[in-house]
Amino acid sequence: MAYLATGDWRLSTSFMNQTNDFAFKIATANGTGSASANGLIMQAIFRMGIPVTGKNVFPSNIQGLPTWYEIRVSERGYTARTPHFDLMVALNPATYGRDVAEVRSGGWLLYDSTWPLDQRLLRPDITYLGIPLAELCNARFSGMRERILMKNIAYAGALAALLNMDPDVIRALLKEKYGRKPALVDSNQQAVEIGYGYAKEHFDCPLPVHLSPRDLTRDAILIDGNTAAGLGCLYAGATVGAWYPITPATSLMEAFKGFCQKYRREPETNRNRFAILQAEDEIAAIGMVIGASWAGARAFTPTAGPGISLMNEFIGLAYYAEVPAVIFDVQRTGPSTGMPTRTQQCDLMMCAYASHGDTRHICIYPGDPREAFEFAAAAFDLAERFQTPVFVLTDLDIGMNDWMVPKLTWDDRYTPDRGKVLTAEELDEVKSFARYIDADGDGIAPRTLPGVHPAGAYFTRGSGHNRFGAYTEDAEEYVEVIDRIDRKIQRAARAVPQPIVRSVGARVGLVTVGGCHAACTEALDRLAADGIALDYMRIRGFPFGDDVAAFLERHDVNFIVEQNRDGQLRNLLQLETGVAVEKLESIRYYGGFPISAHHVIAGVKRRLEKAA
Amino acid sequence: MSYIPKPSVHHPALQKNAIGLNRRDYEGSLTTLCAGCGHDSITAAIIQAFWELSIPPHRVAKLSGIGCSSKTPAYFLREAHGFNGVHGRMPALVTGANAANRDIIYIGVSGDGDSLSIGLGHLCHAIRRNVNVLYVLENNGVYGLTKGQFSASADPGSLSKKGEANTMEAIDGCLLALSLGATFVARGFSGDKAQLVPIIKAGLSHSGFAFIDVISPCVTFNDHEGSTKSYAYTREKNVEVVQADFVLPTKAITTAYEPGTVQTVTLHDGSAVRLRKVADQYDPTDRDRAYAYIRERQKEGEVVTGLLYLSPDSSDLHEQNDTVATPLTQLTHEQLCPGSAELEKLQARFR
């Protein structure tokens, strides 16, 4: 595949141990039920106390197209994608060719030997493990559906034997999952035994790459960022969610809905303490969020790049009329429809300056699902405090893949920051309320909510207005308001999550954003092992604070690592900090798979060698 | 819009409503629309309706899009929050606001460009959701602010001020609403306040989306010969089907109208609307018949006005969503956040 050619990935092989440090990949066809088997394998490894992450490489399709699941086991806790595989479970003849090619030299390939393998697929440097999965399942199970489904569980059983998975853990998991349907527990158990028994009997188990129990996952969970963000919205007290279905953001609202159905029922009546509005399009979705926020609710919308494109008009209204809104952008590849099921960080520029006219928006960038949870909650505080749209930018990799992260925690002392909202009692004291007067000098003028008090009424508008909220076409009145909003947003630089900085006193810095964190931290370790020490900064909020500019200034060169073609983070840094462009070296990967450590290492080495 | 303040001192003898407010208390700032604009007459009818119903102005939220009609919320209910959003997308704003706080009385004011062109999709889906809002479409068949282009409600063959004929079919807001399952559909004429005020009052008492299409001639760009939205044309072609006589449950005011065939429909807030059939066999609770009747009269070049359809059972957005009675905006953080112990517990499923 093309991305293999962009970096020297082979150098990473030597870095790998055989025990608890390897990767394998499962190739199947979409819609055959392999997801539950893959989940089972992940969870079993996790329950053995070994750090593990999974990347679902799936097509924009419901049934039939090829799909892959990549599992990386890393005792050291590395979670980035690794593009070389010790073991391939090749169950989709349509992709045999490329699947065989992706196995590292010396690795293994498991395939369904019910049918003979095309001789052209044979490589002398890998070992073939043939198991007649279809034949075995057809003999044991009746019914087309069960035969297909159980084939998946059978390969999970074979992997258990080959990789030294604990069969008791798998049995326990199956019981938890299908406990209410004993027949299913039984057939799943049989399928596990089919694969397990066959592998034990025919191959040297375990393989040199295998698992060994540890105690490294006790305080961790396996969670995807969309679920975590949905949970964050629940905990922040969001009551209105409006959305239009879009990959890869859909599961965020589905998660929120699931949590609400459990935790947001009025005890006496069982009625809903939430409203989820599936809008006619993303334009309406953001309009509903703005309407709900204007009325005083915490409201949000999850979407992806195409949705933000549509929302631009309304985002400008919320910015200028100063109405809170929380927008999740689970980024996917663009432009246009792009590759909906592949990841990218390609909306950094669009979100920072969304809508026509002079605008600038608060953006926060979680680096993993745990931060997706925390930043989701923080986003509502920021939006209400600064009375403005706030973007939470994740991506498909964070949003839809299962990451191992420390358990989520919540501080019960948390009280929502609702910003400056005048109460009926406060309005009783006010002689005449005017919406946009900056009495405190912090750029934030108190707002009022509909229905509270006759003195609180004002006309919210996206047309030119003065500090009293009245329509204006007067130059000075217009400039006064638009300049104050600019000051307000700039002040948010101190309130957004601050960058994570790791300094070793190096002259060269590595700077990144969002989910690149996993690849960057792994790359830093490996570069350090090669004698290349780098300082590190992960940016977590926009507008950038002084710390960001200071980091860039104090390094001779800063490598800016990101997942888009145009170097959007580098451009933003250059625009917003004024740091000399010579100090900013770009490392980009934008093929749609999550970035790997080798991309970062190769990028750093190539440029350092050129400089030397 | 103008900021010339209206005199705040009113004549002490002005009649007061049940909550002690006079009509002037329901006004807004001075209109900046053209003299004689139909929209200003609608504003006056809205003021009259709210005053008669003794609704506290600050319990109302008035929302609009962009265009001449959308300016009008500034001209009534100065003590109500207003939201002048983006072109055509007021239905989305009012849907969100209503979801957040169901205790506010919402009025949306829009025009034919706003509702039937740029925002057509949003209007359709707000109708489908049956958002509890009084939706007034001030319909003049023309783009006034951009100086005279045809709108989607311009009738085929009608002439623009420059003499060009419209070649496309018109979108009829009432037929559209009926076909989408609207639970309250009415048509008024800006020049007929006696008919319009009871319709607005009935719409305000309706639990759900109350759609009122008001023919409102544009005196500047669409009141000439050849226009089908002019004062002269509408007066001549107006066919009144159902005279709505709005009655609060406590106080029936039936004497103002001629006795005749009367049908009483109880609205969701307990008040009643008495419908006087002026056309033979017209049944305002029969959706199909209403649709057919409007079409029949249209073929004769007639504009049917009155309360055209009222659903006997309307289930609004909150009933569909099964939302709690307390507005979502008034729930406490403790009612919304499950807390740290529950977070610890629920994470068992992620292991």
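# Two chains, element by element

Biologist: Let's start with two helices. Does H9(A) pass H10(A) in a left-handed or a right-handed crossing?

Modeller: Right-handed: that is how H9(A) passes H10(A). Keep in mind that this is a predicted model.

Biologist: Noted. At what angle do their axes cross?

Modeller: Roughly 30 degrees. H9 covers residues 282-295 of chain A, and H10 covers residues 305-321 of chain A. Their axes come within 8 Å.

Biologist: What do you call that arrangement?

Modeller: H9(A) and H10(A) are roughly parallel to each other, because angles under 35 degrees count as such.

Biologist: Which residues make the contact?

Modeller: From H9(A), Glu282(A), Ile283(A), Ile286(A), Gly287(A) and Ile290(A). From H10(A), Gly307(A), Leu310(A), Met311(A), Phe314(A), Ile315(A), Leu317(A) and Ala318(A). By class, that contact has nine nonpolar residues, two polar and one charged.

Biologist: New topic. What is the strand order in the open sheet of chain A?

Modeller: It reads S2-S3-S1-S4-S5-S6, six strands with mixed pairing.

Biologist: Which strands stand at the edges?

Modeller: S2(A), residues 52-57, and S6(A), residues 127-131. Each has a single partner strand, so one side of each has no neighbour in the sheet. From one strand to the next, the twist averages 15 degrees.

Biologist: How do S5(A) and S6(A) run, parallel or antiparallel?

Modeller: Parallel, joined by five bridges. S5(A) spans residues 103-112. Trp108(A) has Thr127(A) of S6(A) as its bridge partner.

Biologist: Which helix packs on that sheet?

Modeller: H1(A), residues 34-47. It touches S1(A), S2(A) and S3(A). The direction of H1(A) makes about 165 degrees with that of S2(A).

Biologist: Which strands does it pair with?

Modeller: S20(A), residues 557-562, pairs with S17(A) in the parallel sense over five bridges. Gly509(A) has Asn558(A) as its bridge partner there. S18(A), residues 535-539, is also joined to S17(A) by five bridges, again parallel. Leu510(A) is the bridge partner of Tyr536(A) in S18(A).

Biologist: And H18(A)? Which of its residues are buried?

Modeller: Gln568(A), Leu569(A), Arg570(A), Leu572(A) and Leu573(A). H18(A) spans residues 568-577.

Biologist: What covers them?

Modeller: The cover for the buried residues of H18(A) includes H11, S17, H17, S20 and S21 of chain A.

Biologist: What follows H18(A)?

Modeller: Gly578(A), with a positive phi near 75 degrees.

Biologist: Over to chain B. How many of its residues contact chain A?

Modeller: 49 residues of chain B, against 54 residues of chain A. On chain B, the elements giving two or more residues to that side are S2, H3, H5, H11 and H12. H3(B) gives the largest share, eight residues. By class, the chain B side has 23 nonpolar, 19 polar and seven charged residues.

Biologist: Which strand of chain A pairs with S2(B)?

Modeller: S15(A), residues 459-461. The two pair in the parallel sense over three bridges. Arg461(A) stands opposite Asn84(B).

Biologist: Last one: Ser115(B). Where does it sit?

Modeller: In H4(B), residues 112-118.

Biologist: How far is Ser115(B) from Gly65(B)?

Modeller: 50 residues in sequence, but 8.7 Å in space, C-alpha to C-alpha.

How values were computed. Residues numbered from 1 in each chain as written. Chains lettered and ligands numbered in written order. Predicted model: local features only at pLDDT ≥ 70, side-chain atom pairs only at ≥ 80, totals over all residues. Contact = placed C-beta atoms within 7 Å. Helix = DSSP H or I, 4+ residues; strand = E, 2+ residues; numbered from the N terminus. Nonpolar A, V, L, I, M, F, W, Y, C, P; charged D, E, K, R; others polar. Pairing = 2+ DSSP bridges. Axes fitted to C-alpha atoms, helices over the stretch in contact; angles between N-to-C directions. Parallel < 35°, antiparallel > 145°, perpendicular 65-115°, else oblique. Left-handed = near helix turned anticlockwise from the far one by under 90°. Buried ≥ 20, exposed ≤ 12 C-beta atoms within 10 Å, placed from the backbone.
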